[in-house]
Amino acid sequence: MSNRIDERFNALAGAGRTALIPFVTAGYPDPAWTPSIMHALARAGADVLELGVPFSDPAADGPVIQAASERAISRGVSTRLVLDMVREFRTQDQQTPVVLMGYLNPIERYGHAEFARDAEDAGVDGILMVDCPPEEMGHLRSHLDEHGIYPICLVAPTTTAQRMERIASQARGYIYYVSFKGITGANRLEETSLEEPVRELRSHTDLPLAVGFGIKGPESAAAVAGLADGVVIGSALIEQLSDSPSCDEACQRALRFLAPIREAMDNSRL
Amino acid sequence: MSIETEKSAPVSFEPDEHGHFGPYGGIYVSETLIHAHEELKEAYFRWRDDDEFMARLDADLAHYVGRPSPIYFASRLTELAGGARIFLKREDLNHTGAHKINNTVGQALLADHMGKSRIIAETGAGQHGVASATVAARMGKSCVVYMGEVDIHRQAINVFRMKLLGAEVRPVTSGSQTLKDALNEAMRDWVTNVDDTFYIIGTVAGAHPYPVMVRDFNAVVGREARRQMVEQYDTLPDVLVACVGGGSNALGLFHPFIGDDDVRMVGVEAAGHGLHTGQHAASLCAGRPGVLHGCRTYLMDDDAGQIEHTHSVSAGLDYPGVGPEHAWLKDTGRAQYVGITDDEAMDAFHKLTRLEGILPALESSHAVAQGLKLAAEMRPDQTVLVNLSGRGDKDVQTVAELEGISL
């Protein structure tokens, strides 16, 4: 079974480009706008879309994503609704991979089998559950495999080499390297500190490596693009979308924010 | 009749190496924190078997905490109930006023052995925050306590105590601004400062090894109580009663009795305005299994899996989850769990105060209320042992407000 994530990274590798992976909280700022914002991100040069499934207790997230999640939940956004958003997006975009990112409990409540089935049906390509390390994924994993949905795994600066090996053997699609010890949106990125762990990680896997946490704009994105196969931008993008008066304006802001990042990343690889 | 003074628990109530109690427990944390839990696990299981470490812990419990705490026969409460004899395990007499210090003394000692210079903690009622600030002060470590904004208002005295002890109390304004949100914020701190920071979790929840470690540090309560009942009254209690928020005082009392099949265990959850109202904090009585704060356990959530806001008159029980071992004790039938409403707890608070001259914490008042109910249905030759987990000085303001009295 082919997966859009593999297809996209293969194409990028062929073209010598780095994946731009924006993260937005589904349903933020307005549940009705999310499919349009996803299209805008794709138009701005995004290669993979990470869509945050809001959770009431996002313990790994900083204030920006916390606030976006709270707002989305207050507007009635649930896992079911997020899948509807992906389904709507897919009516016009069959190529751009979509990864759902979030916490385990909403999927527990949905039911592992039902979730995997509905996610495939909606056009989801991968899921990243922040609070579910590979060791605890067993039951959910078998359902995801059955439906061709990739479990995207995290590796952190605190991950030992031995553990990297184990994670790499279970990961699919790409590996998400958390650039520093901290929460999303913090300002602690030091690009030079990435070189060694990225090298170590590459010795354990041939999968593409995406780097996230703390990437704020063209400069940091370009620096990371020189090392990694993908660059994830979340909080800084969500901050741009806050207080958008309309869907059009939110899409415009997403475009304006991502376009120079895309350009800087491409130039860094020339 | 001779009764063994020590009896070991069957293996099935010990977690596996990844911290699973049956289907519950485990390590559900972000990748950055996996190493911290591994490191803690290694340290804890190493020092737990170290004679010198345990001797120092025992000495601290004796000379700093003031253990053993007595078993007290509440004769007038017994008379009121008109049935079984009611005994109280007096954890309210501990230094800092609750069972919480048993655990923080242990974890602080462990932090010291691990070379961690900074302590963080979350708190609901403030008892665990005070107990953490206390041990941090004593060991010369810096201490940050996360506390929900709502709890800061209803536990102002404890907030000031923590500040006096040199701790920084950081208000948490996200979510419901109570204990669960304080836990989230403490996790965010830990993930950021994981190298030098020891996170003292105050209850038997969280990811492995916290549930087993916090239980073990509190199990001194049950070990003492078992020995005291045998030595002083030549009997084991027929029923143990303890309140359950996260569940640390309850497990501390229950665990050493797990192998005593004839001893019933009853955990008392906060039924708030009533289980039927939805405004309560009774995850075992009215919740279902899910994943929160590092473990699989019973919790209160909506149909979309969002954690629900809870309600209890007592801040220490106002938590939407519960320790995973309690989930397992419930499913296996080894312990039963019931709910006591705010009103019932308040009633018990006054009864104990007026009849025995003991002012209980509102949390512990839930256990007292259930103890009275159970005793009334039992024979005079039977015994109920209630864990009086904390004293009520901190709650005086709350009680006054509830009764429309301005101090």
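**View 1. Helix 10 of chain B on strands 3, 4 and 14.** In this predicted model, helix 10 (residues 220-233) of chain B lies across strand 3, strand 4 and strand 14 (383-388) of chain B. Helix 10 of chain B runs at about 50° to strand 3 of chain B. Helix 14 (residues 342-356) of chain B touches strand 10 (264-272) and strand 13 of chain B, at about 80° to strand 13. Helices (H or I, at least four residues) and strands (E, at least two) are DSSP runs, numbered from the N terminus. Angles run from 0 to 180 degrees between N-to-C directions, with axes fitted to C-alpha atoms, for helices over the stretch in contact. Contact means C-beta atoms, placed from the backbone, within 7 Å.

**View 2. The open sheet of chain B.** Six strands of chain B take the order 3-4-14-9-10-13, with mixed pairing. Strand 3 (71-73) and strand 13 (336-341) of chain B are the edges. The twist averages 30° from one strand to the next. Strands pair if DSSP finds at least two bridges between them.

**View 3. Strands 3 and 4 of chain B.** These two pair in the antiparallel sense over three bridges. B:Phe73 has B:Phe87 as its bridge partner in strand 4 of chain B.

**View 4. Two domains of chain B.** An automatic or database assignment sets the domain bounds: domain 1 is 29-63 + 100-214, and domain 2 is 69-97 + 219-402. Their C-alpha centres lie 23 Å apart. The contact takes 32 residues from domain 1 of chain B and 34 residues from domain 2 of chain B.

**Notes.** Residues are numbered from 1 along each chain as written, chains are lettered from A and ligands numbered from 1 in written order. In this predicted model, local features need pLDDT of at least 70 and side-chain atom pairs count only at pLDDT 80 or more, while totals for chains, interfaces and linings use all residues.

Technical notes:
Contact = placed C-beta atoms within 7 Å.
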